[in-house]
Every structure is written in structure tokens, then in C-alpha cells.
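Please look through this model with me before we discuss it. My notes follow as numbered points.

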Amino acid sequence: MKTIAIFINSLRQFLVDIKIHIFVFLVAPFLIALMYGSIYKNILDPNRTLTKFTVAYIDLDKTAMSKPLENIFTEEKLKKVVNLKTLSSKGNINSSLIDGTYSSAIVVPADFSKNIGNGKPVSIEVLKSPSAGVNGDIVYDIVNAYCSYLNMNNKVYSVILNNTKNPDLTQKIFNDILPVIDADLNRSYLTITPLAKAKVLDSSQEFASNMLIMFSIFMALSQAISILIEGERGTLNRIYSTATNRLSFYFGKLLGTFTISIIQVLCFITVSSIFIGVNYGSPYSMIPIVFIHALLITSITAILISLFKNTTVMGGLFSFIILLMTSISGGFYPSQNVPGFMRVASHFTFNYWLKDLYSSNMMGDTFLSLGNVLVIILILSVAIISLGAAKYKYTD
């Protein structure tokens, strides 16, 4: 009964500043999630496609030798993303690239066909706009592959000539095998097998879960501070004088933290689902996820009140740790942009464990696939709370 009384008192204390708590633990994470979701919306859109871009084609050779490259860029599929604009000269192409009129420019040199005829290596210049990004890389790779093909032909021709020592015979042999080379060039080595749509989070799912997790950990800090303040103000001595033992106080406070955490998580999920359309996945799987989430927050509170006695030191140090864990686990940017070493480090953060649960449910994974993580967090949380109880019982 003493534990229940402490629990009820904890809820009453929380309700005293309910307006502040609503802003800090509901409104603030919602607004930040909305902001980051808007910033990264296009990047994380599962249905995103390449935007069509314009490429300048400048043929200074003007022979049949350069025509095949132009034909590649006017092929039906490539035309969907590349708008090829033929120009007669380089003119002011540099300024057009800088101002973004063209994403890239392809310049075929005047001696292009002459070099091919003489068996010399050929190259085509690719100029990229400062803002070209991946579009410029696409153009460069296509031109580079085409030049590699031509240079391969030159090498084949040279090998035949070195062996026959007869230009006419060499040309005849080369003409005979050229269709085979061309067939290899034009044949598609790409087999496309339609697969189920890749499971990825959209921007609202990504950052709603990130902000929910980060601010829920701040909830643990807030609850720990409120518990330690009672000790600093001497409230605990008065409570213990009423025959309330330390464990009753400990478990009553943690039960309050657990309940408040569940309410905070459920409120955020409801608000984000209604106002920004976040799809959290199966509601049935969400029940144990929310339960485990709140239990982990409770165990973090247990860690804090067991390790710290000073609220100022705890607040400053753990606030830094929360922000560090959030950064390492990709809470402020798309998770796929997390560098390799940080992906390993993120496994040691509370954020990662919780994000794994929410992400898996959002992507429609089976409940059994969540089982291992749920059990691990359950065991860890119970162990932490139990160890905290043992320490709290015998600590003055």
C-alpha cells in the first residue's frame, strides 16, 4: 500500500507542471520531427525518381564516327531522364554550366575520327555543372564506357595488324569481327527481376520515431531529477519517518515513471499519426513495444538515481550523453547516412535498441522477428531495476 501511495503522489507531482510537460515531451518532439521530416522528405521518399536533366552535346568532329554516342543518349529509356541539347560550338558553355542551364556538357574533339583512323587512343571531354551531383556522374560513366569500347576496337585492330603486317587484310579481318564486337556492345547483360518493393521508412516515420525516443530518454532524466530533489530537500527523511521503507519509495517512484512514460509514448504516437500521418505499423505489435519502451525508460531512471546524488551534475552529464547517443544513432539525419564506424557504435545506445523495434514494426516485419530485441530489453531492464533496488536499499 505504501508503494501505491508513493506512486499516486508521483502522478500528482507530475500533473502540477502538466503544461510544461506537454510542451517539452509532446509538442517539442512533434514540431522537431515535423521540421526534420520536411527537410528530408524528398531524400527519403520511397517513390522518388531521378529528375530529368539537360545535357549539352557539342560535336566538333561532325563525322559518322561520333554519331553512335549521340544515339546512346537519345535511346528511348535514357531519354526519360536525359534531355540532350545539340550545340554547334562550345561558345559560352562554361557560364551555362555554372548557372545550371546544363547539368553536363559532352564535347567531342575535332580530331576524334582522325585518331580512330590512326589507331590512337580517343577521349571525349565531359564538363560538369557545380550542381550536377549524381547526374554528372551518370553522363561521365556513359561517355567513359563508350570511349573504352572504341579504344578496345583500336587495340583489336592493332593486334591484327601486328600479326598480318597487311593493312588490307587487317581491315578485312577487323570488319568480319566488328559485328561480333558490336553485338556484345548492344547486348544487354542486365537481367531485371521484379522484386517486392524495398522496405524503407519515409521521412515522417524516420524522424517521428527518432524524436519520440530521444525525448522519452529525457523523460527518464526528468523523473530522476524529481526523485533526487526530494532527497536534496529532505522530503525523503519525512517520508521514511512514516514507516515507509526505501524499497516502497523506490518502486513507487519507478511505477510512476513507467506509467508516465507509457502515457507520453501513446500520446506522441496518437498525435503524430493524426497530424502528420505517421504509420507505426501493426497496432497489436505496438502494445509490447510501448510496454518495453516504457520499461527501458524506467530502468534508465533507476540507473540515474542509483549513480547520482547531485541533480546538477546528473542533468548536465546525462543531457550530453542523450544528445551524443542520438547523434551516433542517426537521430538528426537519415539513418542510411550514418558512417560505418558510427553504425557499430550506435549498437551500444538505447536509441538503437528502441529504433530497431519501431522501424521493424513500421516496415511490417513479423512479431516473431521483434521477439529477440523485446526479450533482451526486458531482461536487461528487469536486471537494472533489481540491481538498483539492492543498491538503493542499503545506500544512505
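1. Start with strand S3, residues 104-108. This is a predicted model, and in it S3 is mostly covered, with 5 of its 5 residues buried. Which residues lie on each face of S3? Ser-104, Ile-106 and Val-108 are on one side. Ala-105 and Val-107 are on the other. Both faces are covered.

2. Now check the partners of S3. Strand S1 (residues 53-59) pairs with S3 in the parallel sense, over 5 bridges. Within this pair, Ala-105 of S3 stands opposite Ala-56. Strand S4 (residues 125-128) pairs with S3 in the antiparallel sense, over 4 bridges. Here Ile-106 has Val-126 of S4 as its bridge partner.

3. Move on to a helix pair. Two packed helices are described by an angle and a distance, both taken between their axes. For helix H10 (residues 246-275) and helix H15 (residues 367-393), the angle is about 145° and the axes are 9 Å apart. The crossing of H10 past H15 is right-handed.

4. Who makes this contact? From H10 come Arg-246, Leu-247, Phe-249, Tyr-250, Phe-251 and Leu-254. From H15 come Ile-384, Ile-385, Gly-388, Ala-389, Tyr-392 and Lys-393. Sort the residues in the contact of H10 with H15 by class: 9 are nonpolar, 1 is polar and 2 are charged.

5. Next, find Phe-215. This residue sits in helix H8, which spans residues 203-232. Is Phe-215 buried or exposed? Its relative accessibility is 10%, and buried means under 20%. Therefore Phe-215 counts as buried.

6. What does Phe-215 touch, leaving aside residues up to four places away in sequence? The list is Val-24, Phe-25, Ala-28, Pro-29, Ile-32 and Gln-264. Leu-26 and Phe-215 are 189 residues apart in sequence. In space, their C-alpha atoms are 8.5 Å apart.

7. Then step back to the whole protein chain. The secondary structure comes to 15 helices and 4 strands. The chain has 396 residues, and 42% of them are buried. Take the contacts between residues at least 6 apart in sequence: 77% of these join residues at least 24 apart.

8. Last, the surface. The accessible surface of the protein chain is about 21400 Å². Carbon and sulfur atoms account for 64% of that area.

Note on methods. Residues are numbered from 1 along each chain as its sequence is written. This is a predicted model: local features need pLDDT of at least 70, side-chain atom pairs count only at pLDDT 80 or more; totals for chains, interfaces and linings use all residues. Side-chain values use heavy atoms; hydrogens and water are left out. Helices (H or I, at least four residues) and strands (E, at least two) are DSSP runs, numbered from the N terminus. Buried means under 20% relative accessible area, exposed over 50%, partly exposed in between (1.4 Å probe, protein chains only). Contact means heavy atoms within 4.5 Å. Axes are lines fitted to C-alpha atoms, for helices over the stretch in contact, and angles run from 0 to 180 degrees between N-to-C directions. A crossing is left-handed if the near helix is turned anticlockwise from the far one by less than a right angle, and right-handed if clockwise. Ala, Val, Leu, Ile, Met, Phe, Trp, Tyr, Cys and Pro count as nonpolar, Asp, Glu, Lys and Arg as charged, and the others, Gly among them, as polar. Two strands pair if DSSP finds at least two bridges between them. Accessible areas come from the Shrake-Rupley method with a 1.4 Å probe; for residues, only the protein chains shown count as cover.
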